[in-house]
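Please keep the sequence and the model in view while reading.

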Amino acid sequence: MVTTVLVLAVFAGVLSLLSWDRANQVAGTVSAVIGVAALGVGVCGLLAPTGSASVQVSRTGRATATGGGNANTGAVASSSDGAVFVGETGDARADGGSANTGYRRQE
């Protein structure tokens, strides 16, 4: 977002230094190039394969739950979340609750 604002500010500054006719030509050319680029991005987005999202969890810390709570250092995801990868999780301890250091499927 910041980059876009900076580019627009520089572009406006350059256009203000040009004569009206020259600024019109430059603005038209830049608009055409940006329009074609936007069309290309849109087409690439439509052609990109749509698959299930994946969840990746690794190198987590320690979790402790007391009073019947849940301690989780792994992943809790629904079955529609796609592939789930869990590795190198930390210790999970629960006093009267549940502890998870791997993958738990949420319905």
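With which residue does Glu 88 form a salt bridge, and how far apart are the closest N and O atoms? The model is a predicted one, in which local features need pLDDT of at least 70 and side-chain atom pairs count only at pLDDT 80 or more, while totals for chains, interfaces and linings use all residues. Residues are numbered from 1 along each chain as its sequence is written, and side-chain values use heavy atoms, with hydrogens and water left out.

The partner of Glu 88 is Arg 59, and the closest N and O atoms of the salt bridge are 3.6 Å apart, where a salt bridge is a side-chain nitrogen of Lys or Arg within 4 Å of a carboxyl oxygen of Asp or Glu. The two residues are 29 residues apart and the pair links distant parts of the chain, with Glu 88 in the loop between strand E5 (84–87) and strand E6 (92–94) and Arg 59 in the loop between strand E1 (55–58) and strand E2 (63–65); strands here are DSSP runs of at least two residues, numbered from the N terminus. By the salt-bridge rule, the count comes to one.

Consider next each partner in its own loop. Arg 59, between E1 and E2, has a positive phi of about 55 degrees although it is not a glycine, and its relative accessible area of 69% makes it exposed (over 50% relative accessible area, with a 1.4 Å probe and protein chains only). Glu 88, between E5 and E6, likewise has a positive phi of about 55 degrees without being a glycine, and Glu 88 counts as exposed because its relative accessibility is 60%.

Notes
Helices (H or I, at least four residues) and strands (E, at least two) are DSSP runs, numbered from the N terminus. Buried means under 20% relative accessible area, exposed over 50%, partly exposed in between (1.4 Å probe, protein chains only).
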